[in-house]
Amino acid sequence: MSAATAQAAGPPPTAPEPGSLPAALRRAAGRRRLTPYLLLLAGVAWLLVFFVAPMVYQASTSVQTGSLDKGFRVTWHVATYWDALREYWPHFLRSLLYSGIATAACLAIGYPLAYMIAFRAGRWRNVVLVLVIAPFFTSFLIRTLAWETILADQGPVVSFLNTVHLLDVTSWLHITQGDRVLATPLAVVCGLTYNFLPFMILPLYTSLERIDGRLHEASGDLYATPFTTFRKVTFPLSLPGVVAGTLLTFIPASGDYINAELLGSTNQKMIGNVIQSQFLRVLDYPTAAALSFILMAAILAIVTVYIRRAGTEELV
Amino acid sequence: MQTRPMRWLRRNVVVLAGVLALGYLVLPNLVVLVFSFNKPKGRFNYTWNTFSTDAWQHPCGVADMCGSLTLSLRLAVYATLGATVLGTMTAFALARYRFRGRAATNMLIFLPMAMPEVVMGASLGTLFLNMRIRFGFWTILIAHIMFCLSFVVVAVKARIMSMDPRLEQAAQDLYATPAQTFLRITLPLAAPGIAAGAMLSFALSFDDYIITSFNAGNTVTFPMFVWGSAQRGTPVQVNVIGTAMFVIAVLLVVAGRLVGGRRRGARS
(Lines give C-alpha, C1' and ligand atoms only; values in the text may rest on other atoms or scores of the structure.)
Protein backbone atom coordinates (compact mmCIF):
# COMPACT_ATOMS: atom_id res chain seq x y z
CA MET A 1 0.00 0.00 0.00
CA SER A 2 3.08 2.20 -0.16
CA ALA A 3 1.81 4.39 -2.96
CA ALA A 4 -1.55 4.87 -1.29
CA THR A 5 0.00 6.00 1.96
CA ALA A 6 2.53 8.20 0.21
CA GLN A 7 -0.27 9.74 -1.75
CA ALA A 8 -2.38 10.38 1.28
CA ALA A 9 0.60 11.75 3.22
CA GLY A 10 1.20 14.79 1.01
CA PRO A 11 1.99 18.15 2.58
CA PRO A 12 0.18 18.91 5.84
CA PRO A 13 -2.87 21.10 5.32
CA THR A 14 -1.83 24.32 6.98
CA ALA A 15 -4.67 26.79 7.20
CA PRO A 16 -4.47 28.40 3.74
CA GLU A 17 -3.58 32.07 3.56
CA PRO A 18 -6.21 33.98 1.65
CA GLY A 19 -3.84 35.15 -1.10
CA SER A 20 -2.29 31.77 -1.91
CA LEU A 21 -5.56 29.92 -2.23
CA PRO A 22 -5.88 29.59 -6.01
CA ALA A 23 -2.33 28.26 -6.42
CA ALA A 24 -2.80 25.70 -3.66
CA LEU A 25 -6.10 24.63 -5.12
CA ARG A 26 -4.58 24.22 -8.54
CA ARG A 27 -1.75 22.14 -7.11
CA ALA A 28 -4.22 20.02 -5.18
CA ALA A 29 -6.39 19.55 -8.26
CA GLY A 30 -3.37 18.50 -10.32
CA ARG A 31 -2.43 15.99 -7.67
CA ARG A 32 -5.96 14.65 -7.56
CA ARG A 33 -5.95 14.13 -11.31
CA LEU A 34 -2.79 12.05 -11.10
CA THR A 35 -3.69 10.10 -7.95
CA PRO A 36 -5.97 7.47 -9.54
CA TYR A 37 -3.40 6.70 -12.20
CA LEU A 38 -0.63 6.29 -9.64
CA LEU A 39 -2.86 3.99 -7.59
CA LEU A 40 -3.77 1.96 -10.66
CA LEU A 41 -0.29 1.70 -12.10
CA ALA A 42 0.95 -1.49 -10.47
CA GLY A 43 -2.26 -3.51 -10.63
CA VAL A 44 -3.12 -2.60 -14.19
CA ALA A 45 0.46 -3.14 -15.33
CA TRP A 46 0.41 -6.60 -13.76
CA LEU A 47 -2.76 -7.54 -15.60
CA LEU A 48 -1.56 -6.05 -18.89
CA VAL A 49 1.72 -7.94 -18.77
CA PHE A 50 0.55 -11.25 -17.34
CA PHE A 51 -3.04 -11.43 -18.56
CA VAL A 52 -3.56 -9.35 -21.72
CA ALA A 53 -0.14 -9.87 -23.29
CA PRO A 54 -0.36 -13.67 -22.94
CA MET A 55 -3.78 -13.59 -24.65
CA VAL A 56 -2.37 -11.58 -27.54
CA TYR A 57 0.60 -13.88 -27.71
CA GLN A 58 -1.72 -16.88 -27.60
CA ALA A 59 -3.59 -15.45 -30.58
CA SER A 60 -0.38 -15.29 -32.57
CA THR A 61 0.58 -18.80 -31.45
CA SER A 62 -2.69 -20.13 -32.81
CA VAL A 63 -1.69 -19.16 -36.35
CA GLN A 64 1.85 -20.48 -36.11
CA THR A 65 3.23 -23.70 -37.51
CA GLY A 66 6.35 -25.60 -36.65
CA SER A 67 7.60 -28.02 -34.06
CA LEU A 68 9.29 -27.82 -30.71
CA ASP A 69 12.74 -28.66 -32.18
CA LYS A 70 12.64 -26.33 -35.17
CA GLY A 71 10.72 -23.59 -33.44
CA PHE A 72 7.36 -22.06 -34.28
CA ARG A 73 6.81 -19.30 -36.82
CA VAL A 74 3.73 -17.24 -37.67
CA THR A 75 2.49 -18.55 -41.02
CA TRP A 76 -1.15 -17.47 -40.71
CA HIS A 77 -2.08 -21.11 -40.83
CA VAL A 78 -5.74 -20.55 -39.96
CA ALA A 79 -6.51 -24.14 -40.86
CA THR A 80 -5.42 -25.08 -37.33
CA TYR A 81 -8.74 -23.69 -36.13
CA TRP A 82 -10.68 -25.70 -38.67
CA ASP A 83 -8.77 -28.90 -37.93
CA ALA A 84 -9.13 -28.42 -34.18
CA LEU A 85 -12.85 -27.83 -34.51
CA ARG A 86 -13.33 -30.82 -36.81
CA GLU A 87 -11.45 -33.15 -34.52
CA TYR A 88 -12.66 -31.92 -31.15
CA TRP A 89 -16.21 -30.68 -31.71
CA PRO A 90 -17.64 -33.49 -29.58
CA HIS A 91 -15.51 -32.28 -26.67
CA PHE A 92 -16.74 -28.72 -27.14
CA LEU A 93 -20.32 -29.86 -27.30
CA ARG A 94 -19.90 -32.07 -24.25
CA SER A 95 -18.27 -29.26 -22.24
CA LEU A 96 -21.07 -26.82 -23.01
CA LEU A 97 -23.72 -29.46 -22.37
CA TYR A 98 -22.28 -30.70 -19.06
CA SER A 99 -21.64 -27.21 -17.74
CA GLY A 100 -25.10 -26.08 -18.91
CA ILE A 101 -26.78 -28.94 -17.04
CA ALA A 102 -24.56 -28.38 -14.00
CA THR A 103 -25.46 -24.67 -14.01
CA ALA A 104 -29.17 -25.48 -14.12
CA ALA A 105 -28.71 -27.97 -11.30
CA CYS A 106 -26.76 -25.40 -9.29
CA LEU A 107 -29.59 -22.92 -9.73
CA ALA A 108 -32.18 -25.51 -8.66
CA ILE A 109 -30.16 -26.56 -5.60
CA GLY A 110 -28.70 -23.16 -4.78
CA TYR A 111 -31.82 -21.01 -4.98
CA PRO A 112 -33.67 -22.60 -2.04
CA LEU A 113 -30.50 -22.51 0.04
CA ALA A 114 -29.81 -18.84 -0.78
CA TYR A 115 -33.48 -18.05 -0.09
CA MET A 116 -33.34 -19.88 3.20
CA ILE A 117 -30.20 -18.00 4.30
CA ALA A 118 -31.67 -14.65 3.30
CA PHE A 119 -35.17 -14.98 4.76
CA ARG A 120 -35.59 -18.07 6.93
CA ALA A 121 -32.30 -18.83 8.67
CA GLY A 122 -32.76 -16.32 11.50
CA ARG A 123 -29.96 -16.64 14.01
CA TRP A 124 -28.50 -19.58 12.09
CA ARG A 125 -27.69 -17.32 9.14
CA ASN A 126 -24.00 -16.90 9.96
CA VAL A 127 -23.52 -20.61 10.67
CA VAL A 128 -25.04 -21.54 7.32
CA LEU A 129 -22.99 -18.92 5.49
CA VAL A 130 -19.80 -20.29 7.05
CA LEU A 131 -20.77 -23.79 5.93
CA VAL A 132 -21.30 -22.51 2.38
CA ILE A 133 -17.98 -20.68 2.26
CA ALA A 134 -15.84 -23.14 4.23
CA PRO A 135 -15.55 -25.68 1.37
CA PHE A 136 -13.86 -22.85 -0.58
CA PHE A 137 -10.99 -23.09 1.86
CA THR A 138 -10.51 -26.83 1.70
CA SER A 139 -8.95 -28.36 -1.32
CA PHE A 140 -11.08 -28.58 -4.46
CA LEU A 141 -9.16 -31.70 -5.50
CA ILE A 142 -9.51 -33.51 -2.18
CA ARG A 143 -13.25 -32.91 -2.16
CA THR A 144 -13.58 -34.12 -5.72
CA LEU A 145 -11.70 -37.26 -4.78
CA ALA A 146 -14.17 -37.73 -1.92
CA TRP A 147 -16.90 -38.01 -4.56
CA GLU A 148 -15.08 -41.07 -5.87
CA THR A 149 -15.78 -42.69 -2.52
CA ILE A 150 -19.39 -41.53 -2.44
CA LEU A 151 -20.14 -42.67 -6.00
CA ALA A 152 -17.98 -45.82 -5.85
CA ASP A 153 -19.27 -49.06 -7.34
CA GLN A 154 -20.37 -50.62 -4.04
CA GLY A 155 -20.93 -47.22 -2.47
CA PRO A 156 -24.08 -45.73 -0.93
CA VAL A 157 -25.29 -43.87 -4.03
CA VAL A 158 -25.07 -46.88 -6.32
CA SER A 159 -26.82 -49.18 -3.85
CA PHE A 160 -29.56 -46.60 -3.24
CA LEU A 161 -30.16 -46.07 -6.95
CA ASN A 162 -30.17 -49.85 -7.39
CA THR A 163 -32.74 -50.40 -4.65
CA VAL A 164 -35.17 -47.90 -6.12
CA HIS A 165 -34.38 -49.20 -9.63
CA LEU A 166 -33.36 -45.76 -10.83
CA LEU A 167 -30.06 -47.05 -12.17
CA ASP A 168 -31.90 -48.87 -14.97
CA VAL A 169 -33.60 -45.63 -15.95
CA THR A 170 -30.39 -43.61 -15.89
CA SER A 171 -28.58 -46.31 -17.85
CA TRP A 172 -31.36 -46.30 -20.40
CA LEU A 173 -30.88 -42.53 -20.65
CA HIS A 174 -27.15 -43.17 -21.19
CA ILE A 175 -26.15 -41.02 -18.24
CA THR A 176 -24.88 -44.03 -16.31
CA GLN A 177 -23.48 -47.34 -17.49
CA GLY A 178 -24.57 -50.72 -16.21
CA ASP A 179 -24.02 -50.91 -12.47
CA ARG A 180 -21.68 -47.96 -12.36
CA VAL A 181 -22.12 -44.29 -11.58
CA LEU A 182 -18.42 -43.50 -11.42
CA ALA A 183 -16.84 -42.88 -14.84
CA THR A 184 -20.19 -41.86 -16.35
CA PRO A 185 -21.67 -38.50 -17.40
CA LEU A 186 -23.81 -38.46 -14.23
CA ALA A 187 -20.69 -38.50 -12.05
CA VAL A 188 -19.02 -35.68 -13.98
CA VAL A 189 -22.11 -33.46 -13.90
CA CYS A 190 -22.57 -34.25 -10.20
CA GLY A 191 -18.97 -33.21 -9.52
CA LEU A 192 -19.31 -30.03 -11.57
CA THR A 193 -22.55 -29.13 -9.80
CA TYR A 194 -20.95 -29.69 -6.43
CA ASN A 195 -17.75 -27.80 -7.13
CA PHE A 196 -19.37 -24.68 -8.55
CA LEU A 197 -22.41 -24.50 -6.25
CA PRO A 198 -20.89 -21.83 -3.93
CA PHE A 199 -20.35 -19.59 -6.98
CA MET A 200 -24.10 -19.75 -7.54
CA ILE A 201 -25.23 -19.40 -3.93
CA LEU A 202 -23.21 -16.32 -2.98
CA PRO A 203 -24.45 -13.94 -5.72
CA LEU A 204 -28.00 -15.26 -5.26
CA TYR A 205 -27.78 -14.63 -1.54
CA THR A 206 -26.40 -11.12 -2.06
CA SER A 207 -29.25 -10.10 -4.34
CA LEU A 208 -31.94 -11.81 -2.23
CA GLU A 209 -30.64 -10.19 0.93
CA ARG A 210 -31.08 -6.73 -0.61
CA ILE A 211 -34.81 -7.27 -1.11
CA ASP A 212 -36.90 -5.24 1.31
CA GLY A 213 -38.98 -7.61 3.45
CA ARG A 214 -41.83 -5.09 3.43
CA LEU A 215 -42.41 -5.89 -0.24
CA HIS A 216 -43.36 -9.42 0.79
CA GLU A 217 -45.79 -8.06 3.38
CA ALA A 218 -47.25 -5.66 0.85
CA SER A 219 -47.72 -8.45 -1.64
CA GLY A 220 -49.41 -10.57 1.03
CA ASP A 221 -51.63 -7.66 2.02
CA LEU A 222 -52.76 -7.47 -1.58
CA TYR A 223 -53.93 -11.09 -1.33
CA ALA A 224 -51.10 -12.68 -3.28
CA THR A 225 -50.39 -16.28 -2.39
CA PRO A 226 -46.81 -17.05 -1.28
CA PHE A 227 -46.16 -18.56 -4.69
CA THR A 228 -47.46 -15.50 -6.54
CA THR A 229 -45.32 -13.31 -4.30
CA PHE A 230 -42.32 -15.38 -5.23
CA ARG A 231 -43.11 -15.36 -8.94
CA LYS A 232 -43.99 -11.70 -9.24
CA VAL A 233 -41.86 -10.03 -6.57
CA THR A 234 -38.99 -12.07 -5.17
CA PHE A 235 -37.75 -13.84 -8.27
CA PRO A 236 -37.70 -10.79 -10.60
CA LEU A 237 -35.86 -8.78 -7.94
CA SER A 238 -33.27 -11.54 -7.59
CA LEU A 239 -32.58 -11.68 -11.34
CA PRO A 240 -29.22 -9.86 -11.13
CA GLY A 241 -28.09 -12.58 -8.73
CA VAL A 242 -29.41 -15.31 -11.03
CA VAL A 243 -27.54 -13.86 -14.01
CA ALA A 244 -24.30 -13.33 -12.06
CA GLY A 245 -24.55 -16.79 -10.49
CA THR A 246 -25.20 -18.63 -13.74
CA LEU A 247 -22.27 -16.88 -15.42
CA LEU A 248 -19.93 -17.50 -12.49
CA THR A 249 -20.93 -21.18 -12.61
CA PHE A 250 -21.15 -21.79 -16.34
CA ILE A 251 -17.91 -20.15 -17.47
CA PRO A 252 -15.45 -21.85 -15.13
CA ALA A 253 -17.35 -25.15 -15.39
CA SER A 254 -17.05 -25.20 -19.18
CA GLY A 255 -13.27 -24.93 -18.95
CA ASP A 256 -12.87 -27.32 -16.04
CA TYR A 257 -11.15 -30.64 -16.56
CA ILE A 258 -10.60 -31.83 -13.01
CA ASN A 259 -14.08 -33.34 -12.66
CA ALA A 260 -13.98 -35.02 -16.06
CA GLU A 261 -10.55 -36.44 -15.31
CA LEU A 262 -11.23 -37.72 -11.79
CA LEU A 263 -14.90 -38.72 -12.01
CA GLY A 264 -15.34 -39.48 -15.72
CA SER A 265 -13.80 -41.93 -18.15
CA THR A 266 -12.11 -41.27 -21.48
CA ASN A 267 -15.59 -40.99 -22.97
CA GLN A 268 -16.39 -37.96 -20.82
CA LYS A 269 -13.34 -35.85 -21.62
CA MET A 270 -14.16 -32.15 -21.81
CA ILE A 271 -12.40 -29.49 -23.84
CA GLY A 272 -10.23 -28.52 -20.86
CA ASN A 273 -8.76 -32.03 -20.86
CA VAL A 274 -7.90 -31.68 -24.54
CA ILE A 275 -6.27 -28.25 -24.14
CA GLN A 276 -4.27 -29.48 -21.18
CA SER A 277 -3.02 -32.59 -22.94
CA GLN A 278 -2.22 -30.70 -26.18
CA PHE A 279 -0.22 -28.23 -24.14
CA LEU A 280 1.51 -30.42 -21.57
CA ARG A 281 1.76 -33.80 -23.30
CA VAL A 282 1.47 -33.46 -27.09
CA LEU A 283 3.31 -30.10 -27.01
CA ASP A 284 1.21 -28.90 -29.95
CA TYR A 285 0.97 -25.27 -28.87
CA PRO A 286 -0.84 -23.90 -31.94
CA THR A 287 -3.67 -26.42 -31.52
CA ALA A 288 -3.88 -25.73 -27.78
CA ALA A 289 -4.06 -22.00 -28.52
CA ALA A 290 -6.69 -22.43 -31.24
CA LEU A 291 -8.80 -24.61 -28.94
CA SER A 292 -8.58 -21.94 -26.20
CA PHE A 293 -9.80 -19.30 -28.57
CA ILE A 294 -12.64 -21.40 -29.92
CA LEU A 295 -13.72 -22.07 -26.33
CA MET A 296 -13.60 -18.37 -25.51
CA ALA A 297 -15.54 -17.48 -28.64
CA ALA A 298 -18.21 -20.06 -27.83
CA ILE A 299 -18.54 -18.80 -24.26
CA LEU A 300 -18.63 -15.19 -25.41
CA ALA A 301 -21.39 -15.95 -27.90
CA ILE A 302 -23.47 -17.84 -25.35
CA VAL A 303 -22.96 -15.22 -22.65
CA THR A 304 -23.88 -12.37 -25.02
CA VAL A 305 -27.10 -14.04 -26.09
CA TYR A 306 -27.88 -14.94 -22.49
CA ILE A 307 -27.35 -11.40 -21.16
CA ARG A 308 -29.44 -9.95 -23.99
CA ARG A 309 -32.29 -12.29 -23.10
CA ALA A 310 -31.95 -11.93 -19.35
CA GLY A 311 -31.90 -8.19 -19.92
CA THR A 312 -29.76 -7.18 -16.98
CA GLU A 313 -27.03 -4.65 -17.43
CA GLU A 314 -25.61 -4.32 -13.96
CA LEU A 315 -23.50 -7.42 -13.61
CA VAL A 316 -20.58 -6.73 -11.39
CA MET B 1 -58.64 -29.57 4.63
CA GLN B 2 -54.94 -30.22 4.98
CA THR B 3 -53.46 -32.41 7.65
CA ARG B 4 -51.04 -30.79 10.06
CA PRO B 5 -47.85 -32.48 8.82
CA MET B 6 -48.75 -31.48 5.26
CA ARG B 7 -49.22 -27.88 6.26
CA TRP B 8 -45.93 -27.90 8.17
CA LEU B 9 -44.22 -29.37 5.11
CA ARG B 10 -45.70 -26.73 2.84
CA ARG B 11 -44.57 -23.95 5.09
CA ASN B 12 -41.06 -25.27 5.52
CA VAL B 13 -40.34 -26.73 2.11
CA VAL B 14 -37.75 -24.01 1.43
CA VAL B 15 -35.95 -24.68 4.68
CA LEU B 16 -35.93 -28.43 3.97
CA ALA B 17 -34.56 -27.91 0.46
CA GLY B 18 -31.95 -25.55 1.86
CA VAL B 19 -30.85 -28.01 4.51
CA LEU B 20 -30.60 -30.76 1.89
CA ALA B 21 -28.46 -28.49 -0.31
CA LEU B 22 -26.29 -27.71 2.68
CA GLY B 23 -25.88 -31.44 3.28
CA TYR B 24 -24.78 -31.85 -0.34
CA LEU B 25 -22.17 -29.15 0.19
CA VAL B 26 -20.80 -30.54 3.42
CA LEU B 27 -21.03 -34.28 2.61
CA PRO B 28 -17.61 -34.60 0.90
CA ASN B 29 -15.95 -32.85 3.82
CA LEU B 30 -17.47 -35.44 6.15
CA VAL B 31 -16.25 -38.24 3.89
CA VAL B 32 -12.75 -36.74 3.92
CA LEU B 33 -12.92 -36.57 7.72
CA VAL B 34 -14.17 -40.15 8.17
CA PHE B 35 -11.66 -41.62 5.73
CA SER B 36 -8.78 -39.82 7.44
CA PHE B 37 -9.27 -42.41 10.20
CA ASN B 38 -9.25 -45.34 7.80
CA LYS B 39 -6.51 -47.89 7.36
CA PRO B 40 -6.98 -48.85 3.72
CA LYS B 41 -6.41 -52.42 2.59
CA GLY B 42 -4.69 -51.64 -0.68
CA ARG B 43 -3.28 -48.44 -2.09
CA PHE B 44 -6.68 -46.88 -2.64
CA ASN B 45 -8.50 -45.21 0.24
CA TYR B 46 -12.02 -45.66 -1.21
CA THR B 47 -13.53 -48.36 0.94
CA TRP B 48 -13.71 -48.50 4.70
CA ASN B 49 -11.39 -51.06 6.27
CA THR B 50 -10.46 -50.44 9.92
CA PHE B 51 -10.25 -47.50 12.26
CA SER B 52 -6.77 -46.12 12.75
CA THR B 53 -5.19 -42.87 13.83
CA ASP B 54 -1.95 -43.66 11.99
CA ALA B 55 -2.29 -40.88 9.46
CA TRP B 56 -3.03 -38.32 12.15
CA GLN B 57 0.04 -39.40 14.14
CA HIS B 58 2.33 -39.23 11.12
CA PRO B 59 0.86 -36.48 8.93
CA CYS B 60 4.18 -36.12 7.10
CA GLY B 61 4.73 -39.84 6.73
CA VAL B 62 4.43 -39.65 2.95
CA ALA B 63 7.38 -38.74 0.77
CA ASP B 64 7.23 -35.25 -0.75
CA MET B 65 3.77 -34.40 0.57
CA CYS B 66 4.73 -31.98 3.32
CA GLY B 67 7.34 -30.38 1.08
CA SER B 68 4.63 -29.59 -1.46
CA LEU B 69 2.40 -28.40 1.35
CA THR B 70 4.94 -25.87 2.67
CA LEU B 71 5.62 -24.73 -0.88
CA SER B 72 1.91 -24.12 -1.42
CA LEU B 73 1.62 -22.25 1.88
CA ARG B 74 4.62 -20.09 1.02
CA LEU B 75 3.20 -19.35 -2.42
CA ALA B 76 -0.21 -18.52 -0.97
CA VAL B 77 1.32 -16.08 1.55
CA TYR B 78 3.32 -14.22 -1.11
CA ALA B 79 0.48 -14.28 -3.63
CA THR B 80 -1.91 -12.93 -0.99
CA LEU B 81 0.48 -10.13 -0.05
CA GLY B 82 1.04 -9.16 -3.68
CA ALA B 83 -2.57 -9.40 -4.79
CA THR B 84 -3.87 -7.59 -1.68
CA VAL B 85 -1.49 -4.65 -2.02
CA LEU B 86 -2.02 -4.24 -5.77
CA GLY B 87 -5.75 -4.97 -5.55
CA THR B 88 -6.41 -2.54 -2.70
CA MET B 89 -4.66 0.29 -4.53
CA THR B 90 -6.61 -0.46 -7.69
CA ALA B 91 -9.87 -0.66 -5.74
CA PHE B 92 -9.29 2.76 -4.15
CA ALA B 93 -8.65 4.30 -7.54
CA LEU B 94 -11.79 2.75 -9.02
CA ALA B 95 -14.08 3.47 -6.09
CA ARG B 96 -12.93 6.98 -5.23
CA TYR B 97 -12.02 8.69 -8.48
CA ARG B 98 -13.63 9.51 -11.78
CA PHE B 99 -10.96 9.41 -14.45
CA ARG B 100 -10.46 8.64 -18.09
CA GLY B 101 -10.10 4.91 -18.70
CA ARG B 102 -12.15 3.94 -15.67
CA ALA B 103 -14.60 1.81 -17.65
CA ALA B 104 -11.74 0.10 -19.47
CA THR B 105 -10.02 -0.64 -16.15
CA ASN B 106 -13.22 -2.10 -14.73
CA MET B 107 -13.43 -4.36 -17.78
CA LEU B 108 -9.79 -5.38 -17.37
CA ILE B 109 -10.50 -6.34 -13.74
CA PHE B 110 -13.64 -8.27 -14.65
CA LEU B 111 -12.14 -10.32 -17.50
CA PRO B 112 -9.83 -12.64 -15.51
CA MET B 113 -12.79 -13.73 -13.38
CA ALA B 114 -14.86 -14.45 -16.47
CA MET B 115 -12.19 -16.45 -18.26
CA PRO B 116 -11.91 -20.23 -17.99
CA GLU B 117 -8.79 -21.12 -16.05
CA VAL B 118 -7.45 -23.40 -18.78
CA VAL B 119 -7.34 -20.50 -21.21
CA MET B 120 -5.52 -18.20 -18.77
CA GLY B 121 -3.12 -20.91 -17.66
CA ALA B 122 -2.30 -22.06 -21.17
CA SER B 123 -1.71 -18.57 -22.54
CA LEU B 124 0.53 -17.44 -19.67
CA GLY B 125 2.38 -20.74 -19.99
CA THR B 126 2.89 -20.18 -23.72
CA LEU B 127 4.29 -16.71 -23.04
CA PHE B 128 6.75 -17.94 -20.41
CA LEU B 129 7.76 -20.81 -22.65
CA ASN B 130 8.56 -18.54 -25.57
CA MET B 131 10.35 -15.96 -23.48
CA ARG B 132 12.45 -18.88 -22.23
CA ILE B 133 11.63 -18.08 -18.62
CA ARG B 134 12.28 -21.09 -16.42
CA PHE B 135 9.12 -22.51 -14.89
CA GLY B 136 9.13 -22.74 -11.13
CA PHE B 137 8.32 -20.81 -7.98
CA TRP B 138 8.39 -17.37 -9.62
CA THR B 139 6.25 -18.23 -12.62
CA ILE B 140 3.66 -19.80 -10.31
CA LEU B 141 3.72 -16.75 -8.05
CA ILE B 142 3.24 -14.38 -11.00
CA ALA B 143 0.27 -16.43 -12.21
CA HIS B 144 -1.30 -16.59 -8.75
CA ILE B 145 -1.05 -12.83 -8.16
CA MET B 146 -2.59 -12.35 -11.62
CA PHE B 147 -5.73 -14.39 -10.95
CA CYS B 148 -6.16 -13.33 -7.29
CA LEU B 149 -5.92 -9.62 -8.08
CA SER B 150 -9.43 -9.20 -9.51
CA PHE B 151 -11.08 -10.90 -6.56
CA VAL B 152 -9.32 -8.55 -4.12
CA VAL B 153 -10.35 -5.53 -6.20
CA VAL B 154 -14.00 -6.61 -6.19
CA ALA B 155 -14.06 -7.30 -2.43
CA VAL B 156 -12.31 -4.05 -1.47
CA LYS B 157 -14.22 -1.95 -3.98
CA ALA B 158 -17.56 -3.15 -2.65
CA ARG B 159 -16.50 -2.21 0.86
CA ILE B 160 -15.24 1.26 -0.06
CA MET B 161 -18.38 2.04 -2.04
CA SER B 162 -20.51 1.24 1.01
CA MET B 163 -18.45 3.49 3.32
CA ASP B 164 -19.95 6.80 4.39
CA PRO B 165 -17.78 9.59 2.89
CA ARG B 166 -19.00 11.93 5.63
CA LEU B 167 -16.82 10.12 8.17
CA GLU B 168 -13.70 11.17 6.29
CA GLN B 169 -15.06 14.68 5.80
CA ALA B 170 -15.70 14.87 9.53
CA ALA B 171 -12.09 13.85 10.20
CA GLN B 172 -10.87 16.56 7.84
CA ASP B 173 -13.15 19.09 9.53
CA LEU B 174 -11.53 18.16 12.82
CA TYR B 175 -8.14 19.08 11.35
CA ALA B 176 -6.86 15.57 10.68
CA THR B 177 -4.11 15.53 8.06
CA PRO B 178 -4.79 13.44 4.94
CA ALA B 179 -2.36 10.85 6.31
CA GLN B 180 -4.16 10.72 9.65
CA THR B 181 -7.51 10.51 7.93
CA PHE B 182 -6.33 7.66 5.77
CA LEU B 183 -4.64 5.67 8.53
CA ARG B 184 -7.20 6.21 11.31
CA ILE B 185 -10.48 6.44 9.42
CA THR B 186 -10.30 5.16 5.86
CA LEU B 187 -8.08 2.13 6.34
CA PRO B 188 -9.86 0.73 9.43
CA LEU B 189 -13.20 1.17 7.67
CA ALA B 190 -11.94 -0.61 4.56
CA ALA B 191 -10.20 -3.33 6.60
CA PRO B 192 -13.03 -5.91 6.49
CA GLY B 193 -13.07 -5.74 2.69
CA ILE B 194 -9.31 -5.99 2.51
CA ALA B 195 -9.37 -8.94 4.91
CA ALA B 196 -12.06 -10.67 2.85
CA GLY B 197 -10.05 -10.13 -0.32
CA ALA B 198 -6.89 -11.43 1.33
CA MET B 199 -8.62 -14.54 2.65
CA LEU B 200 -10.10 -15.22 -0.75
CA SER B 201 -6.69 -14.85 -2.44
CA PHE B 202 -5.11 -17.17 0.06
CA ALA B 203 -7.76 -19.82 -0.55
CA LEU B 204 -7.66 -19.41 -4.33
CA SER B 205 -3.87 -19.52 -4.50
CA PHE B 206 -3.52 -22.44 -2.10
CA ASP B 207 -6.16 -24.45 -3.93
CA ASP B 208 -5.37 -23.74 -7.56
CA TYR B 209 -4.51 -26.66 -9.74
CA ILE B 210 -5.44 -25.73 -13.31
CA ILE B 211 -3.47 -22.51 -13.84
CA THR B 212 -0.58 -23.79 -11.73
CA SER B 213 -0.22 -26.94 -13.82
CA PHE B 214 0.59 -24.82 -16.89
CA ASN B 215 3.15 -22.66 -15.11
CA ALA B 216 4.87 -24.98 -12.66
CA GLY B 217 7.32 -26.98 -14.74
CA ASN B 218 8.72 -29.60 -12.37
CA THR B 219 7.73 -27.75 -9.23
CA VAL B 220 5.07 -29.64 -7.27
CA THR B 221 2.53 -27.69 -5.23
CA PHE B 222 0.14 -29.43 -2.85
CA PRO B 223 -2.78 -29.62 -5.33
CA MET B 224 -0.35 -30.98 -7.92
CA PHE B 225 0.81 -33.59 -5.42
CA VAL B 226 -2.80 -34.61 -4.79
CA TRP B 227 -3.48 -34.77 -8.54
CA GLY B 228 -0.41 -36.93 -9.13
CA SER B 229 -1.27 -39.20 -6.23
CA ALA B 230 -4.84 -39.70 -7.44
CA GLN B 231 -3.62 -42.13 -10.11
CA ARG B 232 -1.34 -44.10 -7.80
CA GLY B 233 -3.70 -44.09 -4.83
CA THR B 234 -4.02 -41.06 -2.59
CA PRO B 235 -2.36 -41.52 0.83
CA VAL B 236 -4.59 -41.20 3.90
CA GLN B 237 -2.48 -38.25 5.00
CA VAL B 238 -4.08 -36.20 2.24
CA ASN B 239 -7.40 -36.64 4.08
CA VAL B 240 -5.74 -35.47 7.28
CA ILE B 241 -4.55 -32.29 5.58
CA GLY B 242 -7.98 -31.77 3.98
CA THR B 243 -9.73 -32.14 7.34
CA ALA B 244 -7.25 -29.87 9.11
CA MET B 245 -7.75 -27.23 6.42
CA PHE B 246 -11.53 -27.39 6.82
CA VAL B 247 -11.32 -27.05 10.61
CA ILE B 248 -8.82 -24.19 10.42
CA ALA B 249 -10.95 -22.40 7.83
CA VAL B 250 -14.09 -22.69 9.95
CA LEU B 251 -12.22 -21.51 13.06
CA LEU B 252 -10.76 -18.55 11.18
CA VAL B 253 -14.14 -17.51 9.80
CA VAL B 254 -15.76 -17.87 13.23
CA ALA B 255 -12.92 -15.93 14.88
CA GLY B 256 -13.24 -13.21 12.25
CA ARG B 257 -16.97 -12.94 12.93
CA LEU B 258 -16.42 -12.78 16.66
CA VAL B 259 -13.85 -10.00 16.35
CA GLY B 260 -16.03 -8.13 13.87
CA GLY B 261 -19.06 -8.61 16.13
CA ARG B 262 -17.26 -7.27 19.18
CA ARG B 263 -16.06 -4.23 17.25
CA ARG B 264 -19.59 -3.54 16.11
CA GLY B 265 -20.84 -4.02 19.63
CA ALA B 266 -18.25 -1.65 21.08
CA ARG B 267 -19.14 1.04 18.60
CA SER B 268 -22.86 1.05 19.19
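## Overall build

Chain A has 14 helices and 2 strands, taken as DSSP runs numbered from the N terminus (helices H or I, at least four residues; strands E, at least two). This is a predicted model, in which local features need pLDDT of at least 70 and side-chain atom pairs pLDDT 80 or more, while totals for chains, interfaces and linings use all residues. Residues are numbered from 1 along each chain as written, chains are lettered from A and ligands numbered from 1 in the order written, and side-chain values use heavy atoms, without hydrogens and water.

Of the 316 residues of chain A, 46% count as buried; buried means under 20% relative accessible area, exposed over 50%, and partly exposed in between (1.4 Å probe, protein chains only). Among contacts (heavy atoms within 4.5 Å) between residues at least 6 apart in sequence, 69% join residues at least 24 apart.

## Helix 3 and its threonine

Let's turn to helix 3. Spanning residues 79-120, helix 3 of chain A bends by about 70° at A:Tyr88, with A:Pro90 following within four residues. The bend is the angle between axes fitted to the seven residues ending at a residue and the seven starting there. After the helix comes A:Gly122, with a positive phi near 60°.

A:Thr80 sits in this helix and is buried, at 9% relative accessible area. A polar atom of the A:Thr80 side chain lies 3.0 Å from the backbone oxygen of A:His77. Beyond neighbours within four places in sequence, A:Thr80 touches A:Ser62, A:Pro286, A:Thr287 and A:Ala290.

## Salt bridges

There are 8 salt bridges over all chains, each a side-chain nitrogen of Lys or Arg within 4 Å of a carboxyl oxygen of Asp or Glu. One of them pairs A:Glu209 with A:Arg125 at 3.5 Å, N to O. Because A:Glu209 lies in helix 8 (residues 185-209) and A:Arg125 in helix 4 (residues 125-137), the pair ties together parts 84 residues apart in sequence. A:Glu209 is partly exposed at 39%, and A:Arg125 is partly exposed at 24%.

Another salt bridge joins A:Arg214 and A:Asp212, with the closest N and O atoms 2.8 Å apart. Here A:Arg214 is exposed at 60%, whereas A:Asp212 is partly exposed at 32%.

## A nonpolar surface patch

Helix 7 (residues 166-172) gives the most, with 3 residues. A:Trp172 belongs to helix 7 and is exposed, at 69% relative accessibility.

Notes: Polar contact = N/O pair within 3.5 Å; in protein donor to acceptor, adjacent residues only side chain to side chain.
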